[in-house]
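Here is a short tour for anyone about to work with these coordinates. Take a look at the structure first, and then we can go through it topic by topic.

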Amino acid sequence: MSTTNQSVLPTASRQDGRYPRPQLMRAAWADLTGVWSFRSDDEDEGLGSGWASGINSHRTIVVPFPPESVASGIDEPGFHPVIWYERKISASDLDAAGRTPSSTRLLLHFGAVDYRAKVWIDGAFVGEHEGGHTPFSFDITHLITGHEHRLVVRAEDDPVDVTQPRGKQDWHEDPHAIWYRRTTGIWQTVWLEAVPSASIDYLRWTPNGIAQTDVTIRFRGSIPEGTQVQIRLRSDEYDEGLGWSGAAVARGAKEIVVPVPVARQRNGQAEQELLWSPEHPRLIDAQVTLCTADGTIIDAVSSYLGLRSLGVDRGVFLLNGHPYNVRSVLNQAYWPDSHLAAPTPLAHRDEVELIKALGFTACRIHQKIEDPRFLYWADRLGLLVWAETPGAYEFSPRAVGRLTREWVDAVERDASHPSIVTWVPFNESWGIQHVAEDTAQQAYSRALTDLTRALDPTRPVVSNDGWEHQNSDILSVHDYEGDGSVLAATYADETARARLLRGMGPAGRRLLVGGAIEADQPVMLTEFGGVNYQPGAPRDDAWGYTSAADGDDWITRITALYDAIRASQFLAGSCYTQLTDTMQETNGLCDADRSPKVAIERIRAAVTGR
């Protein structure tokens, strides 16, 4: 399919949620998702047999859905370590991408391909990428010389290689325990974009207090002498503009401070009107323009940002300088018919609206680097997000290198989203199973946590969600105790806090290892609940941490757990497991199709206590 070629820049904070890169938007783009040719390559013969020039297959797949899924039209959940795709790039695609005489470069973008991708145009090798959750792009200008071209993609995803960051994707052929069916190959948008020879390539917004924001801008191509970059900020409430800044640029990247004078003119409560929060998700639109010394526009993009501050202090989580109790839900972000890929772009909006309607102010995206369009809706509608890397399941130099590279790319991609308030590089010691005693694994955990801080010093970092923390800004605990009275005793008061941190944790794992000391960090219960309840026909393989007899019993159990959390004198936040049923895990608040298991008002009352 192709988008409509527009002549004006979209308003980034009020986009429709389809654009695949929501914080750097141009007027035109071509969406290449839809029906492609498809071929499995279980014997890995395609490279030697010339498939790069054409895969010669009558089978089709609906991109961006993985071949294991029903939505793809393939629906083959078994092991297929190598798969191939093919699609024609037509003249209408090129026109929709914004190709004009002044748009001299054509970029081919992939949102995510799991795990390793190689790309060809008309048999000519374009490039390759490794990392199943992060975007990549190629300049294909030199290969686009006519009106129609053949795009071929080879995706390689070893189903049993546990050095690959894979998250909840199972290495068994059939799902077992808490792992699910795999997502192989393309699972986010493939798209084309035409840009000038000198263009804006990357933006990163970093709020710096209420009165200004820092922006890092990277450029593509050769920048003419005398080129200026200009940034203008505005919001619906201030049509005359919130701030302006400009600077001369030469090459590479530029860091600019953009003042927000309106904020300086306010004091006391009034300045809070500009701040982003779940209750008031105020976004500020930005237009970034690259122009010559005489004012001729070379390139222009629209973006948005949110002004807010984060911190931890004296046992609490701080949002905009004030204590904020995090009420979160664990979201596997997995769909029954499309796996890691959302069934439609607007399903991301529906997901955020559902989470908020259930009474939550936050979600923890579990073992997945989520599509940027979900983050856009979290920004726009007001939902805090804990961003977490998909784990590998081996400790080795190869696993360390792979996870670190992908995590660095993820932090760089998502650092501008105001909704993201916490980074989580490890979960439950996955990939560092012996971190309690192994000094090498301890060094890796500390190093990746500190690397995350080096990449982004503005957000708290959880070193290892659940247990066995070292240099963590938040001490998170996983506890699936099903009895509300027992949970209340475990988290009652400061005496209970000291006992928890100095002893063994609820899962028989220490909370602090490697000589780490408790330094008044906030303590949060970031996995609890997981109560199994199936309103319909029960699954034979259904799984939960505890089970309820019926809907009334289920709500009573959940309410008792939340009552225990609300009674705690020290918990700074919580995260219920989980939002939806996911395959054999039937412990969701909603079924796999996102329907609440009882009236949503009853769930919200249990979650909020109101």
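Strands β13 and β14 (residues 212-220) pair in the antiparallel sense, with eight bridges between them. One of the positions to look at is tyrosine 202, whose bridge partner in β14 is arginine 218. Please keep in mind that this is a predicted model. The points below start with the sheet around that pair and then move on to a second sheet, the helix contacts and some backbone details.

**The antiparallel sheet**

- β13 and β14 belong to an open sheet of three strands, ordered β13-β14-β17, with antiparallel pairing.
- The edges are taken by β13 (199-207) and β17 (253-259); each has a single partner strand, so one side of each has no neighbour in the sheet.
- On average, neighbouring strands of this sheet are turned by 25 degrees against each other, direction ignored.

**The parallel sheet**

- Seven strands make up another open sheet, in the order β26-β25-β24-β23-β31-β28-β27, and here the pairing is parallel.
- β26 (420-424) and β27 (475-478) are its edge strands, each with a single partner, so one side of each is left without a neighbour in the sheet.
- Strand β23 (residues 326-331) runs parallel to β24 and is joined to it by four bridges.
- Asparagine 331 stands opposite isoleucine 365 of β24.
- β24 also pairs with strand β25 (residues 384-388), in the parallel sense and over three bridges.
- In that pairing, arginine 364 stands opposite tryptophan 386 of β25.
- Is strand β24 (residues 362-365) covered on one side or on both? Both faces are covered: Ala362 and Arg364 are buried on one side, and Cys363 and Ile365 are buried on the other.

**Helix α5 and its surroundings**

- Helix α5 lies across β25 and β26, and runs at about 175 degrees to β26.
- Helix α5 (residues 397-414) also packs with helix α6 (residues 439-455), at an angle of about 20 degrees and with the axes 11 Å apart.
- α5 and α6 are therefore roughly parallel to each other.
- The crossing of α5 past α6 is right-handed.
- On the α5 side, Ala399, Val400, Leu403, Thr404, Trp407, Val408 and Val411 take part, and they meet Tyr444, Leu448, Leu451, Thr452 and Leu455 of α6.
- By class, the residues of this α5 and α6 contact comprise ten nonpolar, two polar and no charged.

**Helices α3 and α4**

- Helix α3 (residues 347-357) and helix α4 (residues 372-381) have axes that come within 8 Å and cross at roughly 45 degrees.
- That angle makes α3 oblique to α4.
- The crossing of α3 and α4 is right-handed.
- From α3, the contact involves His348, Arg349, Glu351, Val352, Glu353, Ile355 and Lys356, while α4 contributes Arg373, Phe374, Trp377, Ala378 and Leu381.
- The residues of this contact divide into six nonpolar, one polar and five charged.

**Proline 343**

- Proline 343 sits in the loop between β23 and α3.
- With a relative accessibility of 37%, proline 343 counts as partly exposed.
- Which residues does proline 343 contact, leaving aside its neighbours within four places in sequence? They are Phe65, Trp335 and Ser338.
- Between proline 343 and glycine 482 there are 139 residues in sequence and 33 Å in space, C-alpha to C-alpha.

**Backbone details to check**

- Aspartate 114 and tyrosine 115 are joined by a cis peptide bond, with omega about 10 degrees.
- Tyrosine 115 is in the loop between β6 (113-114) and β7 (116-121).
- Another cis peptide bond joins threonine 577 and glutamine 578, where omega is about 5 degrees.
- Glutamine 578 belongs to the loop between β31 (571-577) and α10 (600-608).
- Methionine 583 lies in the loop between β31 and α10, and has a positive phi, near 50 degrees, although methionine 583 is a residue other than glycine.
- At 23% relative accessibility, methionine 583 counts as partly exposed.
- Asparagine 56 is not a glycine, yet has a positive phi of about 50 degrees.
- Asparagine 56 is located in the loop between β2 (34-40) and β3 (60-63), and counts as exposed at 70% relative accessibility.

Terms used: Residues numbered from 1 in each chain as written. Predicted model: local features only at pLDDT ≥ 70, side-chain atom pairs only at ≥ 80, totals over all residues. Heavy atoms only, no water. Axes fitted to C-alpha atoms, helices over the stretch in contact; angles between N-to-C directions. Helix = DSSP H or I, 4+ residues; strand = E, 2+ residues; numbered from the N terminus. Parallel < 35°, antiparallel > 145°, perpendicular 65-115°, else oblique. Left-handed = near helix turned anticlockwise from the far one by under 90°. Contact = heavy atoms within 4.5 Å. Nonpolar A, V, L, I, M, F, W, Y, C, P; charged D, E, K, R; others polar. Buried < 20%, exposed > 50% of the residue type's maximum accessible area, 1.4 Å probe, protein only. Pairing = 2+ DSSP bridges.
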